[in-house]
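I opened the two-column notebook for this entry. The sequence and coordinates go in first.

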Amino acid sequence: MRKAAFASALVIGVIAALALLAPAIAPFDPLEQHLENNYARPSLEHPFGTDDLGRDVWSRLLFGARVSLGIAFASVGLALVVGTGVGLLSAYYGGLADAALMRLMDVLLAFPGILLGIAVVVVLGNGVENTAIAVAVMSTPTFARLVRGSALSILERDHVVAARALGASAARVIFGQVLPNALTPIVVASTLQLGTAILIASGLSFLGLGVQPPYPEWGAMLSKGRELVRSTPVAAIAPGAFLTLLVLSFSLLGDGLRDFLDPRERARDVV
Amino acid sequence: MLRYLARRLLEALLALLFTSVLVFSLIHLIPGDPARLVAGLEAGPEVVERIRSDLGLDRPLPIQYGSFLGGALRGELGTSIRTGLPVLREILDRFPYTLGIALGAIVLAVVTGIGTGIFAAMRHNRVGDALTMVAALLAVSTPSYWLGLMLMLLFSLSLGLLPSIGIASPAHYVLPILTLGAQSGGIISRMTRAAMLDVLGQDFLRAARARGETERSVILRHALGNALIPVLSIVGLRFGNLIAGAVLVESVFAIPGVGRLLVDAVLWRDYPMIQGTMLFVAALFILVNAGTDVLYAVVDPRIRGSK
C-alpha cells in the first residue's frame with residue numbers, strides 16, 4: 001500500500017510539474033488552429049496527433065492539466081475552508097445553529113453531485129471559476145460532516161474540557177485544540193476529494209456546461225472524443241487516460257495517507 | 001420499527017421539501033428578471049408580462065413557492081419553453097430509457113460486484129485478490145464518459161459487434177449499461193470483499209466449521225448472508241447515483257433519456273424543464289435512498305435501535 005501511495009505521489013508530482021511547465025515545454029500554442037493539418041496521426045511533431053481544428057493534442061493536454069488541476073485544487077481548497085468552518089462552528093456551539101447547518105449540509109448531500117454541479121452552473125453560468133465554485137459547493141458538506149464528527153469527539157477529551165473550564169476563548173479552543181487534532185482526517189479527505197473534484201469538473205465540461213471551448217480542459221477535450229474516436233483514436237484516448245491516472249493516483253495517495261497518518265483507520269478501511 | 005420508519009420517512013420528506021426550495025430558488029437566484037428567463041430571450045414584452053402573471057411571478061415569494069409546490073404535488077411542472085409541451089409529459093416519455101439503463105447497470109454491478117468481492121475475499125492476500133482489487137479500483141477511478149468512448153471504440157468501431165449510439169434495439173443498451181455499471185460494480189466489489197473479510201474472522205463461522213458443515217455451506221449460508229447486509233445499503237445508494245450518472249452516459253451514447261433532457265434544457269436555458277427534471281431526479285434519488293434505509297432496517301434489527 002505504501003509503495004502504491006509513493007508511486008501515486010510521484011505520478012501527481014509529474015503531472016503537476018508538466019502542468020506548471022506547460023508554457024515552456026508545450027511544442028505548440030494549444031489554441032492555434034492549423035486546419036490544413038487536422039486529424040493528423042501521431043508523429044514526432046505531434047506525439048498525440050491533432051484534433052478536428054488541427055490543434056496539437058499534446059500541447060492541449062499539457063495546458064489542460066493546468067486547468068483540471070487548478071479547478072480541483074481551487075474547489076477543494078474553497079470547500080475545505082467553508083466546510084471546516086461550518087463543521088467547527090456546528091460542533092462548538094451545537095443547538096439550533098448545529099441543527100440548521102447540518103440539515104442544510106444533509107440536503108446538499110441528498111443531491112447527487114453532478115446534479116448539484118449543474119444547478120450551480122445554471123445559476124452562475126459556465127466557465128473555469130464557476131466550475132470550481134460548482135464543485136466546491138458539492139464538496140463542502142463532506143468536509144463539514146467530517147470535521148463536525150471529529151470536533152465533537154475532540155471536544156470531549158480531557159485536555160479540551162480542561163481548557164474550556166479554565167476559561168479559554170472559543171477561538172483558542174477551536175484553533176489551539178480542536179483543529180490541530182482534527183487535521184489527519186481533513187488531510188486524507190482533501191486528497192480523496194481532489195480525485196472526485198477532477199471527475200465532476202471534467203464531467204461538467206464534457207457536458208458542455210463547465211470550461212468552454214476553445215480552452216483546453218481534459219473533460220472538454222473528451223467531449224470531442226466521439227468525433228475524434230473514428231479518425232484519430234489516440235486524441236480521444238489520451239485525455240481520458242490522463243484523467244483516470246490522476247483520479248486513481250489521488251485515490252491511492254488518500255488511502256496511503258490514511259494508513260500512514262492514522263493506523264487505527266486501517267482496521268476500519270472499508271471502501 | 002414503526003418509530004424508525006416514521007423518522008426515516010420524516011427525514012425523506014424534509015429532504016424533499018428542501019429540494020423543492022432549492023429547485024424553486026434556482027430561477028430567482030439567476031441575475032435578471034425571472035419572467036424574462038422563462039419567456040426566453042427572444043420573447044416580446046407582452047409575452048414576458050403574460051408569463052409573469054401566468055406564473056404569478058408578480059406575487060410575493062412565499063405565495064409563489066406555495067403554488068410551485070402545489071403544482072409539483074399535482075404533477076404540474078409547467079411547460080417547456082423549447083417544445084411547448086408539458087414538462088412532466090416530456091420527462092415521463094424519456095424516463096423509460098434512463099430507467100432501462102440504470103436498472104441494467106445496477107443488476108450488472110450487483111452480480112459482478114458481489115461475485116468478484118467474494119472471490120477476492122476467499123483469496124485474501126493472493127494474486128487473485130490483488131488483481132480483482134486493481135480492476136475494481138480502475139473501475140471506480142475511470143470517468144464513465146471516457147469508458148463509454150473506449151467501449152464504443154472497441155466493440156462498435158473496431159469489432160463491429162454492437163451499435164454505437166442511439167437506443168433503437170436491445171443491443172443498443174449493452175454498452176451504456178456496461179459503462180454506467182462499471183463504477184458501481186467496482187464499489188460493490190470492494191465493499192463486499194471488506195464485509196466478507198470482516199465476517200470470515202468471526203466466531204460463529206468457526207463454530208459452523210466445528211459442527212462439520214461443508215466450506216460451501218459455511219460461506220454461502222453463514223458468511224454471505226451476514227456480509228451482504230452492509231452491501232445492501234450501498235446498492236440502494238448506487239441506484240440513486242446511477243439515475244443521476246445517466247446524465248453523462250446518455251450524452252456519450254446519444255440516448256434521449258431524462259439526463260440528456262436536463263443537459264439540453266440547461267444549454268437551451270429552458271428553465272421550467274431544468275426545474276422539472278432536477279426535481280424529478282432528486283426526488284427519485286431521495287426516495288430510493290429512504291427505501292433502501294427502510295429495507296436495511298428490516299434485514300438488520302441493529303439499525304432500528306441505533307442513533
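The entries below record what I looked up, topic by topic.

**Conventions.** I worked on a predicted model, in which local features need pLDDT of at least 70, side-chain atom pairs count only at pLDDT 80 or more, and totals for chains, interfaces and linings use all residues. Residues are numbered from 1 along each chain as its sequence is written, while chains are lettered from A and ligands numbered from 1 in the order in which they are written.

**Backbone exceptions.** I began with a reminder that most residues other than glycine have a negative phi, and most peptide bonds are trans. I then looked up a peptide bond that is cis: it joins A:Pro213 and A:Pro214, with omega about 10°. A:Pro214 sits in the loop between helix 9 (183–206) and helix 10 (218–223) of chain A. Helices here are DSSP runs of H or I with at least four residues, strands are E runs of at least two, and both are numbered from the N terminus.

In chain B I looked up B:Ala254, which is not a glycine but has a positive phi of about 50°. I placed B:Ala254 in the loop between helix 10 (215–252) and helix 11 (258–267) of chain B. For burial I used C-beta atoms placed from the backbone: 20 or more others within 10 Å make a residue buried, 12 or fewer exposed, and anything in between partly exposed. B:Ala254 is partly exposed because it has 13 C-beta neighbours inside 10 Å.

B:Arg269 also has a positive phi, near 55°. I found B:Arg269 in the loop between helix 11 and helix 12 (271–299) of chain B. With 16 other C-beta atoms within 10 Å, B:Arg269 is partly exposed.

**Helix 5 of chain A.** I checked the length of this helix, residues 113–124. The expected span is 1.5 Å times one less than the number of residues. For twelve residues that should be 16 Å, and the end C-alpha atoms are 17 Å apart, which agrees. Ten of the twelve residues are buried, so I noted the helix as mostly covered. The buried residues include A:Gly113, A:Leu116, A:Ala119 and A:Val122. Just after the helix, A:Gly125 takes a positive phi of about 95°.

**Contact between the chains.** I counted contacts as C-beta atoms, placed from the backbone, within 7 Å. By that rule 35 residues of chain A are in contact with 39 residues of chain B. On the chain A side, the elements giving two or more residues are helix 4 (95–110), helix 5, helix 9, helix 11 (225–231) and helix 12 (233–261). Helix 12 of chain A gives the most, with eight residues.

**Chain B, domains and two residues.** I noted domain 1 (16–73) and domain 2 (95–256) of chain B, with bounds from an automatic or database domain assignment. Their C-alpha centres lie 42 Å apart.

B:Ser156 is in helix 7 (residues 144–158) of chain B. Beyond its neighbours within four places in sequence, B:Ser156 is in contact with B:Leu162, B:Pro163 and B:Ser164. B:Ser156 has 18 C-beta neighbours inside 10 Å and counts as partly exposed.

I found B:Asp93 in helix 5 (residues 87–122) of chain B.

Conventions. Contact = placed C-beta atoms within 7 Å.
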